[in-house]
Amino acid sequence: MSLNKQPQIDMWWDNGSRIVAFPHRPGEPDRATGLCDSDDAHNDLCPDAAMQLGLTDFEEYFSVLRGCVLWSPTKKTSIIYHGNATTPQRLQKMGAEFSLNDWKSRTDTHYMMGDANDDLFED
């Protein structure tokens with residue numbers, strides 16, 4: 001990343017061969033968390049992402065690896081949130097996609113795949 005290029009935030013999808021992201025500059029931080037998050041939602045951006053990934057009408061946005069990137073202006077670091085199936089190599093590519101210099105990754109149950117995702121919806 002260029003030292004004068006600001007890190008980006010927003011949603012992303014990754015089918016293993018292609019990353020679809022909608023990066024943009026962070027706005028003001030949330031008062032409660034102190035983090036800059038996007039106003040976008042995966043569900044809202046899904047039609048564009050699905051088209052770019054070649055998904056059919058029968059495939060849901062959560063059938064592909066996905067996550068989001070947030071920015072901490074006080075710590076000057078980014079956080080890549082992802083599920084259980086995102087590899088370290090794909091996280092590196094995500095860092096490049098969002099122009100991230102200093103970042104860490106965190107798993108989030110919202111982005112889990114496979115059996116881990118199914119377990120969230122059991123009674």
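Predicted model: local features only at pLDDT ≥ 70, side-chain atom pairs only at ≥ 80, totals over all residues.
Colleague: Which residues of helix 1 are buried?

Modeller: Buried means under 20% relative accessible area. In helix 1 that applies to His42, Leu45, Cys46, Ala49, Ala50 and Leu53. Seen down the helix axis, these buried residues fall within an arc of 150°, so they line one face of helix 1.

Colleague: What do the buried residues of helix 1 pack against?

Modeller: They pack against strand 1 (10–14), strand 2 (19–21) and strand 3 (65–72). The face turned away from the buried side carries the exposed residues Asp44, Pro47 and Met51.

Colleague: Which residue just after helix 1 takes a positive phi?

Modeller: Glycine 54 does, with a phi of about 75°.

Colleague: Where is aspartate 10 placed, and what is its phi?

Modeller: Aspartate 10 lies in strand 1. Its phi is near 140°, a positive value in a residue other than glycine. At 1% relative accessibility, aspartate 10 counts as buried.

Colleague: And serine 99: where is its place, and is it buried or exposed?

Modeller: Serine 99 sits in the loop between helix 2 (88–97) and strand 5 (103–107). Its relative accessible area is 10%, so serine 99 is buried. Serine 99 is likewise a residue other than glycine with a positive phi, near 55°.

Definitions and conventions: Residues numbered from 1 in each chain as written. Heavy atoms only, no water. Buried < 20%, exposed > 50% of the residue type's maximum accessible area, 1.4 Å probe, protein only. Helix = DSSP H or I, 4+ residues; strand = E, 2+ residues; numbered from the N terminus. Arc of directions from axis to C-beta. Contact = heavy atoms within 4.5 Å.
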